[in-house]
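Please find below my notes on the model under review.

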Amino acid sequence: MAVTAALADSQVLLRSPCPALNTLANHGLLPHSGKGITTEDILSAFAIGQNFAADTVSGAAAAALALCSSETGVNCTTWDLDMLDKPHAIEHDNSLSREDYNFGQDNNTVFSPRVWGQVLRIWRGAEIIDFKLANAARAERVAVANATDAPGWYVPAVAAGFHETAFYLSLFGDPVEGNARQDWVDIWFQQERMPFELGWTATQRDTITAAGLTAMVAKLQAA
Ligand code: HEM
């Protein structure tokens, strides 16, 4: 019995509130278990799997290590995906595809059809997500979270929302112009896998850099 329980436990896949990290773990570019992730794992997974420069993820990888250290009280050299679920740490409210932490489900690592439906309603079946549509979805989530979260819970995460929007527009569109394919974006958020069968490849566009993301955030803010 103990052996069975230990085996079952070792087979549990840990996942995070971040669709990008979950996708890389699902494809085995990060440890499939979601456990024991190093900064080197992050840099190589995002470079190989998604054509991201190291400067786009090194800050977030350091933040994940720091969160692990503060949660466990030891100096972490690796971390597990589910450690990112701590609300209002790196995780935040007004996500595009997750419930805010206090919204009944209390599991912000899991895709929410209810929340994603709010985004899809804004997009109205558009094939291409430009800056205006992406920004409208982001703003809708800010407005809904602000209006519906429990009193005193909601902490606006507007800057993170802009940055994460630039992330997915660059990943599934052009790193300068955005214009992401909606069908690719939808599969990635809903199923946490890369839409290879619909033609997506990591090398069809230029490498995504921190400077490029910053420039795109400025365009989103102006859209
Ligand atoms: C070590 C690197 C990374 C860490 C630690 C990390 C962590 C996180 C966390 C904790 C969230 C949850 C925020 C929330 O509550 O909504 C998140 C969301 C997100 N992340 Fe990452 N992330 C990393 C890299 C990336 C990269 C490279 C991309 C590029 C595609 C990305 C795309 C996103 C997007 C689009 C969201 C928003 C999800 C939503 O609003 O539903 N992340 N990330």
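1. In this predicted model, α7 supplies the largest share of the shell around the ligand, namely 4 residues. The shell as a whole comprises 26 residues, and the closest to the ligand are Cys18, Ala20, Ala60, Ser95 and Ser97. Besides α7 (158-172), the elements that give two or more residues to this shell are α2 (19-26), α3 (39-50) and α4 (58-72).

2. As to residue class, 18 residues of the shell around the ligand are nonpolar, 5 are polar and 3 are charged.

3. Two packed helices are described by the angle between their axes and the distance between the axes. For helix α5 (residues 113-123) and helix α6 (residues 131-148), the axes come within 9 Å and cross at roughly 140°. The crossing in which α5 passes α6 is right-handed.

4. Which residues of α5 and α6 meet? On the α5 side they are Gln118, Val119, Ile122 and Trp123; on the α6 side they are Leu133, Ala136, Ala137, Glu140, Arg141 and Val144. Sorted by class, this contact of α5 with α6 has 7 nonpolar residues, 1 polar residue and 2 charged residues.

How values were computed. Residues numbered from 1 in each chain as written. Predicted model: local features only at pLDDT ≥ 70, side-chain atom pairs only at ≥ 80, totals over all residues. Near = placed C-beta within 6 Å. Nonpolar A, V, L, I, M, F, W, Y, C, P; charged D, E, K, R; others polar. Axes fitted to C-alpha atoms, helices over the stretch in contact; angles between N-to-C directions. Left-handed = near helix turned anticlockwise from the far one by under 90°. Contact = placed C-beta atoms within 7 Å.
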